[in-house]
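Here is a short briefing to read alongside the structure. Take a moment to turn the model around before you start on the notes.

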Amino acid sequence: MPIFITLHAKSYRKMGNFILADNQDLTRFAVERIIREDERNQVRRARDKTGLLQLLQENENSTVVLDYTLFNFADEYQLLVISERYAMTNWLLISDELTEKFLRRIIYSSHAFSIVFKDSPIQHIREALSSACQGQRYISQRAMEMLLESRREEEETEVLTATEMAIVKLIAQGKTTKEIATERFSSIHTITTHRKKIFRKLNVNTAHEVIKYALRAGWVDPSKFYI
C-alpha cells in the first residue's frame with residue numbers, strides 16, 4: 001500500500017494551487033483533468049525549468065506536479081536545492097521511470113516530495129495529488145518496493161572473511177601475492193584464490209581498486225596504504 005506521512009510544517013489547503021510541469025501532452029491533459037475534478041483547484045502550466053521557477057516565484061504556496069525526467073535539471077541535487085529555496089511548495093514527482101538511486105536521494109533528503117508513477121491506477125494518482133496538496137507525503141507502492149528490493153540486495157552482499165580482510169590490508173601496504181603468501185605461511189595458489197574471491201565480492205578488477213575500496217570503507221589507515 002502507498003505510504004502517507006503528514007507534514008506538520010505545512011498547512012492544509014482547501015483549494016489546491018497546482019503547477020503542472022510535464023512536457024508529455026497526453027499525460028499533462030490527463031493529470032490536469034484529474035486536478036480539475038475539484039472545481040476549486042487552480043492549475044498553471046510550466047513548459048521548462050525557467051518557466052517553473054518563474055511560477056514558483058509568483059506562487060510559492062503551490063503543489064508542483066513534475067515529470068523530472070522531461071525537464072532539464074542537471075541532477076537531483078539541483079532539484080533539492082530548488083525545493084529548499086521554495087520551502088512552502090509541495091512536490092509530486094510523476095514519471096514513467098525513476099532510478100532507485102534517485103528515489104533514495106530524494107526521499108531520504110527531503111519530506112517535501114511525493115512519488116507516483118504514470119502507470120499507477122487512476123485512483124492512486126488522485127490520492128497522490130490530494131495528499132500532496134494537503135501537506136501529506138505520498139510514496140507509491142512501486143517506489144517503496146524498489147527501495148526495499150535495493151535494501152535486500154545490499155543485505156545479501158557477501159562480506160569478507162577475517163582472512164580476506166587481512167589480505168586486503170596487506171594488499172593496501174603494497175605487498176605482492178608472493179610476499180603475502182610468505183608472511184601468512186600460505187602457498188601462492190592459496191593467496192591467489194583469496195584475491196579472486198576478494199575481487200568478486202567487492203566487484204573490483206584490480207588491486208588499485210581494492211585499495212580505494214578499503215580506504216573509503218575505513219578498513220585501512222590512510223598513512224599505511226600504498227597506491
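Two residues are in contact when heavy atoms of theirs lie within 4.5 Å. Among the contacts in the protein chain with a separation of 6 or more, 66% join residues 24 or more positions apart. This is a predicted model, where local features need pLDDT of at least 70 and side-chain atom pairs count only at pLDDT 80 or more, while totals for chains, interfaces and linings use all residues. Residues are numbered from 1 along each chain as its sequence is written, and side-chain values use heavy atoms, with hydrogens and water left out.

**The whole chain**

- The protein chain has ten helices and seven strands; these are DSSP runs numbered from the N terminus, with helices (H or I) of at least four residues and strands (E) of at least two.
- Of its 227 residues, 43% count as buried (buried means under 20% relative accessible area, exposed over 50%, and partly exposed in between, with a 1.4 Å probe and protein chains only).
- The chain exposes about 12900 Å², and carbon and sulfur atoms supply 51% of that area, as computed by the Shrake-Rupley method with a 1.4 Å probe.

- Glu76 belongs to helix 3, which covers residues 76-85.
- Glu76 is buried but has no salt bridge (a side-chain nitrogen of Lys or Arg within 4 Å of a carboxyl oxygen of Asp or Glu).
- The nearest side chain of opposite charge is Arg105, 4.5 Å away; Lys and Arg count as positive and Asp and Glu as negative, whereas His and the chain ends are not counted.
- Leaving aside residues up to four places away in sequence, Glu76 touches Tyr68, Lys101, Phe102, Arg105 and Ile106.

- In helix 10 (residues 207-217), the buried residues are Val210, Ile211 and Ala214.
- They sit on the same side of helix 10 because they cover an arc of only 100° around the axis, taken from the directions from the helix axis to the C-beta atoms.
- These buried residues pack against helix 7 (162-172) and helix 9 (188-202).

**Positive phi in two loops**

- Most residues other than glycine have a negative phi.
- Phe185, in the loop between helix 8 (177-183) and helix 9, has a positive phi near 55°.
- Asn203 lies in the loop between helix 9 and helix 10, and its phi is near 60°.
- Phe185 is exposed, at 78% relative accessible area, and Asn203 is exposed too, at 70%.
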